Amino acid sequence: MTEITKTLCPYCGVGCGLEVSPPAQQGQATHRDAEGTPIWKVKGDRTHPSSQGMVCVKGATITEALDKQRLLYPMMRNSLDAPFERVTWDQALDRIVQEIQQTRAYYGSEALCLYGSGQFMTEDYYVMHKLMRGFLGSNNIDSNSRLCMSSAVTAYAQSLGSDGPPCCYDDLELTDCAFLVGTNAAECHPIIFNRLRKYHRQHRHVKMIVVDPRRTPTAEAADLHLAIRPGTDIDLLNGIAYLLSEWQKVDYAFIDDCVANFPAYAEVIKHYPPDVVARRCNISIEDLETAARYWASSKRVLSLWTMGVNQSSEGTAKARSLINLHLLTGQIGKLGAGPFSLTGQPNAMGGREVGGLAGLLPGYRWVKNPHDRAFVEQFWQLPPGQISPQPGRTAWEMIRGLESGDVRFLWIAATNPAVSLPDLPRTKAALQASPFTVCQDAYYPTETANYAHVLLPAAQWGEKTGTMTNSERVVTLLPAFRNPPGQAKADWEIFAEVGRRLDFSAAFQFRDAAQVFAEFVQMTRDRVCDMSGISHELLKKGAVQWPYSIDRPDASTAKRLYTDHRFPTTDGRARFGAYHSRGVAEPPDDDYPFVLTTGRLYGHWHTQTRTGRIHKLRQMHPRPVLEIHPHDAARLGLRTDDWIEVRSRRGKAKFPITVTSAIVPGTVFVPMHWGALWATEAEANSLTHPISCPESSQPELKACAVQLIPVGAEPMSSVPAAEFVMAEIQI
């Protein structure tokens, strides 16, 4: 291909439009990366409605990793202590089919598990679900969105009746007050933040509140930064509600007409007066009252949140407590207002639409709902009762299943749980014990590949055609602009081929991704996420926001949900959630006196499977560091660049330190991007625990108790460990 291709950035859920052109065009010099390799040129697509031509450094450098350390051919081995050998696709797929058949015969479908990814395209997700849930009869499908968005999904469903953010990006430039909690948007969602920051600067009446234990670049831009103690989010949110109620800033007419369960909520917030909240959160009463005053005086409050809320043992309760404030003041379904969860992956929204978590079914349906199961069974032409009424195993329950021997077949695709799951010593031991693991990825090596019996080369972004949905429900077509290298195949093609080889041929005769998408969107008709009027052909003309129904093809797309203040519940009302604060699951004590929190950096993403292979991004963040407050550093006799050993009840890691007043005393921070391939003993999740939210099953990756032990200077190799491993497995 020689022409410019319009596509979408495959990193966070902002959904930045990109224009990609070949390495060299007539009259132009060849574009090369730092190693001299010709690369495809990338720039922002000014016509895309979400990003308006903006792109961050990750999107701008994305093509530099297209040909770096790719998995080119299927590989296989009989045991984890044997070397991989190159095999044909027939050999690899026959082995997988044989293992699936034997596992079902001896242990039943419940012994099969598949762990996917928010980096899938919607078409990949759909075929995977049709195969596993429908024709193999296993609900044991989860994705790394479990670590990212499951608390938001559960909170939306419980509070509003359905998943689906009710806001849109236009609200960033319409709000009176932006309330950001548990999100460092300046680094993790920079394009959204840049839009908000520009608007904020131009309109002095607009207020920005940031709630975060760290003074991040996001907090630096705020009118008010609330550096609360980790785990006190619900205290803060209930404390604001207490003041709004005391000041008679409650929309009782809206509550009477549109919201249920107010008495229970009113009873809870009575226990959160300012003096109690300020003491628990470790903030001043004045700052608490300022936050409540900003909310009370604003007619359009827009709240934004991500992992700092979701990754918690009370993640659903936190998200619902935030939604409560919108319901309390009628700040929903309006221009510039509403609760807006920002997705952390490019197609986390698409995965939710398809049913990408263990308890979901396509079209925002639920495994536990008999009518939802019956619809899906009928649509897929399955016998009644084929889909189990029990939700499948979540990501961590798959690890527990490996430990108990109940999981016999594990298929991991487009994700890296050997870095991203909590309690890595336990996770790795479970993966080591797996009877049979398939790892399907675009790159090699990865940390998870060490635990695989079969490796399948997957086509990645730019090499397959499909769709993704961003945080504001905009669906974009991503056309392939180059062929996959080696023998790599699109994920949906791999799943479909396995389905055909398992004698389910009629159900998996898809010609292309467009046909897959056309089948899927029929399952969304008349649902909140109605996409029945969207097709690949329509998307070739430009991105489309749902709901977009086939029954109203000429109607303009609704930018916001719930503008009529009717909600998809049995009585049409939203629901208050009444929650008391419980705090972090593992509080500090005399033995482990510090709280460790983890997070992301601007130049890297997830576990560096792609960004770690880009020279510019490695230079931007050459090593992981631990942030510590000057007071705590002085007590330990430490200065910046000294080394510290961090120990939890599960594992240990070592980091050079940065002494900074940008973090609250008693709390330390480390980035989560570095796995064993990229640094030595620097895995954040060797320290974290698997205790999760009881409603969303999202682990509390944001807080665990640790002790700090000063150590001598430790050299760190300037060459990623992955490069050494690659030298050993040349094909």
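Begin by selecting F576, which counts as buried because its relative accessibility is 1%, where buried means under 20% relative accessible area with a 1.4 Å probe and protein chains only. The model is predicted, so local features need pLDDT of at least 70 and side-chain atom pairs pLDDT 80 or more, while totals for chains, interfaces and linings use all residues. Residues are numbered from 1 along each chain as its sequence is written, and side-chain values use heavy atoms, without hydrogens and water.

Next, select F120 together with F495, an aromatic pair (ring centres within 6.5 Å, the six-membered ring being used for Trp) that is edge-to-face (planes over 60 degrees apart), at 6.0 Å centre to centre and 85° between the planes. F120 sits in the loop between strand 6 (112-116) and helix 3 (122-135), whereas F495 belongs to helix 20 (residues 491-501), 375 residues apart; helices are DSSP runs of H or I with at least four residues, and strands are runs of E with at least two, numbered from the N terminus. Both F120 and F495 are buried.

F262 lies in helix 10 (residues 262-269), and F576 in the loop between strand 22 (574-575) and strand 23 (594-599).

Terms used
Phe/Tyr/Trp six-rings, centres within 6.5 Å; stacked < 30°, edge-to-face > 60°. Buried < 20%, exposed > 50% of the residue type's maximum accessible area, 1.4 Å probe, protein only.
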